[in-house]
2 protein chains.
Amino acid sequence: MSSQPRIAIDAMGGDEGVRVMMAGVALARRRHEGLRFTLFGDEARIKSALVNHPNLRAASEIVHAPDVVDAGDKPSVAIRKKTSSMSMAIAAVKAGDCGAAVSSGNTGALMAMAKLALRTMKGVDRPALAAMLPTLGDNDVVMLDLGANTECDARNLVQFAVMGAAYARIALDLERPRVRLMNIGTEEMKGTEEIRDAAAILRAATSLPLSFDGFTEGDKIGRGDVDVIVSDGFSGNVALKTAEGTARFVTDLLRTAFTSSIRSKLGFLISKPAMHLLRHHLDPNNHNGAVFLGLNGVVVKSHGSANDKGVANAVHVAARLLEEDITRRIAADMHGIEGLTAPASRMELPAK
Amino acid sequence: MSSQPRIAIDAMGGDEGVRVMMAGVALARRRHEGLRFTLFGDEARIKSALVNHPNLRAASEIVHAPDVVDAGDKPSVAIRKKTSSMSMAIAAVKAGDCGAAVSSGNTGALMAMAKLALRTMKGVDRPALAAMLPTLGDNDVVMLDLGANTECDARNLVQFAVMGAAYARIALDLERPRVRLMNIGTEEMKGTEEIRDAAAILRAATSLPLSFDGFTEGDKIGRGDVDVIVSDGFSGNVALKTAEGTARFVTDLLRTAFTSSIRSKLGFLISKPAMHLLRHHLDPNNHNGAVFLGLNGVVVKSHGSANDKGVANAVHVAARLLEEDITRRIAADMHGIEGLTAPASRMELPAK
């Protein structure tokens, strides 16, 4: 890696096109003056989009990528597109030319490529997908895994807890993040054997830079009393999407209610600032940037429909993790759980 | 069972006490004139609560139950309380004196008792917990399993689909409910092997009175384009609680936003009818009553914090399922999937 941190940008992914990607990266650059970028994609379109962003242009190198991963490409098809902007961005991280990559493209393809090219880091069995969700408290909450692994054993869950805590320490600036395992009740005997075993291991791992607080449930995600929520990728994905869908559902209902009568419409106009505040808090762009944790290199997925502010957020996440060297931090923390397994006595508990 | 349908009521469960239970049952009775009730609990308190409800009193029998299942009782403790109002209500269904039981008490205890006393019906491996959720469409959506089974195989999921469809036919008055399996993507290769196998079986079972429409995701629960959503009890419970928590989260944000300035407060006052409409739609009392499907008898769980309208809803659910003989219907439908298993070819698919 060069002396200055450099981020590989897949300029072609995303529903909104090169222009929004470039506008977003330009926004992020303002927060990270020392950052350099390598922009992968159609050279002519990138150059044209950069006309409005001379500062980004000055901090960037453009590398032409003749191919593009499509939204509908299966991962098995996408990984064979070696000259796609996504492949080349990941390859730049693998080669050490860049410390991190950001893409708004096909999630499954990005996950498969990143895993294949960068490999899982030493001490980690499986990478996980992590993101931030808004809460009613002062801080956001880190949730993982959000879909990289449909089934997880206790060891996977423990590693996710360590990786998620490392992420929270950097992104939320916390010393000892409060970590909980997602479960369907908070009593000790609840949930699957994997979850109970993971809880036993985490309870025993007192030297880790995190505070393990037991279980949490789906209705407490946004309460603000926990910093990291750990689950298998299936229920994490269900929880994330259900939260997104329900927030949209309620705001849709609200819109219908507010247009149901002239009186309601008037009330809406008057309370517009309040509605604006609500929308701001729920705007996914403010939480954009899902991170693949546990790889030899930082890879951030920006939402396909993110606007410039959203893309800037994803790039900011990549920059922070790169500056704070999350990979090294996770590696160090993994020593703290080496050799720890669930106490044998727990195996005697009934399976449900 | 006597000639008139009779429902066993656990008068003691619930945070709101005997008075609210009795008020709710009285409300429900008005919708079901022919219904009779047996009320289990503290005789003096029941009698005192019935003073205001002479019509319910005339339609009811009171059976004194000296013991109560506490909210904190583990199922293993609760099932030993043979003279609790909950135990006695379930026993009345087992004996055939009542066709259904309704309780607002401890869910885990109720589930354990019902399973133990009533046994799983022929053709069903495991009972499931089902409930209705609001949607933006014309109808509510039935979701199951919501927590009775933390891990499920393909056969369980298929049986849940059949039971959920039988419930939707009765409660939503549909001929061929649209059924989907909860997954983390809608493509055929997504999810666990259990889910993909269940999909293959349901796709093959074309004679069933349901329309199997493939997979759905957490963000589409409230969209109104599906009548029954089937999942294992772990992710179903996570989804249900996340939906509840997010709805509360958004309305809490709204409240904060509306009280943030005098202008917002004024807007709130003017748009009160709109907010009232929203609250009405999201009020859990309008969807109260979770059903244990797959037992030899109807058991409905009312939410502990339900008000009289909520309790009335739960009793109404029990009455409808009893009138329409859901147990017999499920038994008939189960014939339609007998002998069906996942095609062997599917086993060759990669596990993730």
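1. In this predicted model, B:A8 stands opposite B:T38, a residue of strand β2 of chain B. The pairing to which they belong joins β1 (residues 6-10) and β2 (residues 36-41) of chain B, which run in the parallel sense over five bridges. Strands of a sheet pair through backbone hydrogen bonds, either parallel or antiparallel.

2. Strands β1 and β2 are part of an open sheet of 11 strands in chain B, with the order β3-β2-β1-β4-β11-β10-β5-β6-β9-β7-β8 and mixed pairing. At its edges are β3 (60-64) and β8 (211-216) of chain B, each of which pairs on one side only. On average, and with direction ignored, neighbouring strands of this sheet are turned by 25° against each other.

3. Helix α7 (residues 154-171) of chain B packs on this sheet. The strands touched by the helix are β5 (128-133), β6 (141-144), β7 (178-182), β9 (228-230) and β10 (290-293) of chain B. The direction of α7(B) makes about 160° with that of β9(B).

4. How do α7(B) and helix α8 (residues 193-204) of chain B cross? Their axes come within 8 Å and cross at roughly 50°; the two helices are therefore oblique to each other. The crossing of α7(B) past α8(B) is right-handed.

5. The contact between these helices brings B:A154, B:L157, B:V158 and B:A161 of α7(B) against B:E194, B:I195, B:D197, B:A198, B:I201 and B:L202 of α8(B). By class, eight of the contact residues are nonpolar, two are charged and none is polar.

6. Attention may next turn to the interface. In chain A, 58 residues are in contact with 58 residues of chain B. The two chains bury about 4900 Å² between them, and 75% of this area lies on carbon and sulfur atoms. On the chain A side, A:I184, A:F234 and A:F249 lose the most area to chain B, together 14% of what that side buries.

7. Some backbone details deserve a check. Most residues other than glycine have a negative phi, and most peptide bonds are trans. In chain B, a cis peptide bond joins B:L144 and B:D145, with omega about -10°; B:D145 lies in the loop between β6 and α7 of that chain.

8. A:D173, which is not a glycine, has a positive phi, near 55°. This residue is found in the loop between α7 and β7 (178-182) of chain A.

Conventions
Residues are numbered from 1 along each chain as its sequence is written. Chains are lettered from A and ligands numbered from 1 in the order in which they are written. This is a predicted model: local features need pLDDT of at least 70, side-chain atom pairs count only at pLDDT 80 or more; totals for chains, interfaces and linings use all residues. Side-chain values use heavy atoms; hydrogens and water are left out. Two strands pair if DSSP finds at least two bridges between them. Helices (H or I, at least four residues) and strands (E, at least two) are DSSP runs, numbered from the N terminus. Axes are lines fitted to C-alpha atoms, for helices over the stretch in contact, and angles run from 0 to 180 degrees between N-to-C directions. Contact means heavy atoms within 4.5 Å. Angles under 35 degrees count as roughly parallel, over 145 as roughly antiparallel, 65 to 115 as roughly perpendicular and the rest as oblique. A crossing is left-handed if the near helix is turned anticlockwise from the far one by less than a right angle, and right-handed if clockwise. Ala, Val, Leu, Ile, Met, Phe, Trp, Tyr, Cys and Pro count as nonpolar, Asp, Glu, Lys and Arg as charged, and the others, Gly among them, as polar. Buried area is the accessible area (1.4 Å probe) that two parts lose on being put together, summed over both.
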